[in-house]
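Visitor: Could you walk me through this structure, please? I am new to reading models of this kind.

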Amino acid sequence: MSTLLHLNSSARTDSFSRRLGAAFTTAWRDAGGGEVVHRDLAAQPVPPIGEGWTRICDTLLSEGITDIARYGEAVRTDQEREAWALVRPLLDELVAADVVLIGAPMYNFGIPAALKAWIDQVTFPKMVLAPRKFVVVAGRGGAYGPGTPREPFDHHGRYLLDFFRGHYAVEDGEVVAAELVNSLVDPGLADRRAQHLDSAAGALHRAGELGAKLAGHRIPREG
Ligand SMILES: Cc1cc2nc3c(=O)[nH]c(=O)nc-3n(C[C@H](O)[C@H](O)[C@H](O)COP(=O)(O)O)c2cc1C
C-alpha cells in the first residue's frame, strides 16, 4: 500500500489549503490509498536549522555521502547529535512516503516560514526523492496564473516546483491553487468573487482527482 505524507502550513485552521488537502486525502482513502501521516507545521513548528545541522551537511558534502540511509555516519559531535535528533524523524517520514502532499498558503509572494523551516531541515545535498510524487495545495489572496499581471511575482508555486525539480529531481510536481481568496474579505476585490468561486471549485475538483490517481503510487523499495 502507498503511504502519503500530508503537511499543512497555514496559520488558519479553516483554510483553503487545508480544505484542498482534505479533498485530496478523502479521495485517496476512497480509492484505497494506504497510511496517511499528517504533520501540521503551523501548529507544531520545526525550528530553523542551526550550527550542528550545517556541520552534518558539510561532512556529507566533503565525504561524498549521498545515500540517505548513510547520513547518520556524518553525525559525530554532541552538537550534531542534537541536530540529528530533530532531523531524523522528519526525514524518516519523508523517505517513507510515496506521495507528499503539501498545504502551502501564499504568504508575501512566497511560502510560509513554517514550511521553509521544514524544507531546510529535511533537505541535504544531492538528495534525490524521485520517483516520489509531490502535490502542493494552496490558497492565494490574488491571481498569479499564466498571463496575469502578477504572474512574475509568483515565488510560491513556481519556487516549489523549481525546487522539487532542481533539488529532488522530481519533474512532475503539481500546484493546485484556489486563487483570489481575498475577494471574500476585501471590498476592493468584491467584483472578482465569481472568479474566486470558479477557481476554488476547480481546485477542489483537481485535488480530489489527484488524490484518487495517486492512491496507487508506490515507489520501488529494496527488500
Ligand atoms: C501573512 C500573509 C501574507 C499573505 N501574502 C499574500 C500575498 O503575497 N499574495 C496573495 O495573493 N495573498 C497573500 N495572502 C493571502 C493568502 O494567500 C490567502 O489568505 C490564502 O487563502 C491563505 O491560504 P489558506 O487559506 O490556506 O490559509 C497573505 C496572507 C497572509 C496571512
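Guide: The conversation below goes through the model part by part. This is a predicted model, in which local features need pLDDT of at least 70, side-chain atom pairs count only at pLDDT 80 or more, and totals for chains, interfaces and linings use all residues. Residues are numbered from 1 along each chain as its sequence is written.

Visitor: How many residues surround the ligand, and which are the closest?

Guide: The ligand is surrounded by 17 residues, and the closest are Ser15, Ser17, Pro105, Gly139 and Gly141. A residue counts as near if its C-beta atom, placed from the backbone, lies within 6 Å of the molecule.

Visitor: Which helix gives the largest share of that shell?

Guide: Helix α1 (residues 16-30) does, with three residues. Helices (H or I, at least four residues) and strands (E, at least two) are DSSP runs, numbered from the N terminus.

Visitor: How do the shell residues divide by type?

Guide: Six are nonpolar, eight are polar and three are charged. Here Ala, Val, Leu, Ile, Met, Phe, Trp, Tyr, Cys and Pro count as nonpolar, Asp, Glu, Lys and Arg as charged, and the others, Gly among them, as polar.

Visitor: Back to Gly141: where does it lie, and what does it touch?

Guide: Gly141 lies in the loop between β4 and α5. Not counting residues up to four places away in sequence, Gly141 touches Met106, Val181 and Asn182; contact requires C-beta atoms, placed from the backbone, within 7 Å. Gly141 is partly exposed, because 18 other C-beta atoms lie within 10 Å. On that scale a residue is buried if 20 or more other C-beta atoms lie within 10 Å of its own, exposed if 12 or fewer, and partly exposed in between, with C-beta atoms placed from the backbone.

Visitor: New topic. What is the span of helix α6?

Guide: Helix α6 (residues 193-214) has 22 residues and reaches 31 Å from its first C-alpha to its last, close to the 32 Å expected. The expected span is 1.5 Å times one less than the number of residues.

Visitor: Which residues of α6 are buried?

Guide: The buried ones are His196, Ser199, Ala200, Ala203, Ala207, Gly208, Leu210, Gly211 and Leu214. They lie on the same side of α6, because they cover an arc of only 165° around the axis; the arc is that of the directions from the helix axis to the C-beta atoms. The exposed residues Ala194, Ala201 and His205 are on the face turned away from the buried side.

Visitor: Why would residues on one side be spaced that way in sequence?

Guide: An α-helix has 3.6 residues a turn, so residues three or four places apart point the same way.

Visitor: What does the buried side of α6 pack against?

Guide: The buried residues of α6 pack against α1, β3 (99-103), β4 (133-139) and β5 (174-178).

Visitor: And the largest nonpolar core: which members touch the most others?

Guide: Among its 43 residues, Leu20, Phe24, Val136, Val137 and Val176 touch the most other members. A nonpolar core is a set of buried Ala, Val, Leu, Ile, Met, Phe, Trp, Tyr and Cys residues joined through C-beta atoms within 7 Å. Leaving aside neighbours within four places in sequence, Phe24 is in contact with Leu101, Val135, Val137, Ala207, Gly208, Leu210 and Gly211. A second, separate core has five residues, including Trp53 and Leu60.

Visitor: Which residues of α2 are buried?

Guide: In α2 (residues 51-62), Gly52, Trp53, Ile56 and Leu60 are buried. They line one face of the helix, because they fall within an arc of 105° seen down its axis. The opposite face carries the exposed residues Glu51, Thr54, Asp58 and Ser62, while the buried residues of α2 pack against α3 (78-96).

Visitor: Last topic, the backbone. Which peptide bond is cis?

Guide: The bond from Ala130 to Pro131 is cis, with omega near 5°. Pro131 is in the loop between α4 and β4, and Lys126 lies in the loop between α4 and β4 as well. Lys126 has a positive phi, near 55°, and is not a glycine.

Visitor: Is Leu180 buried or exposed?

Guide: Leu180 is buried, because 24 other C-beta atoms lie within 10 Å. Its phi is positive, about 60°, although it is not a glycine. Most residues other than glycine have a negative phi, and most peptide bonds are trans.

Notes:
Contact = placed C-beta atoms within 7 Å.
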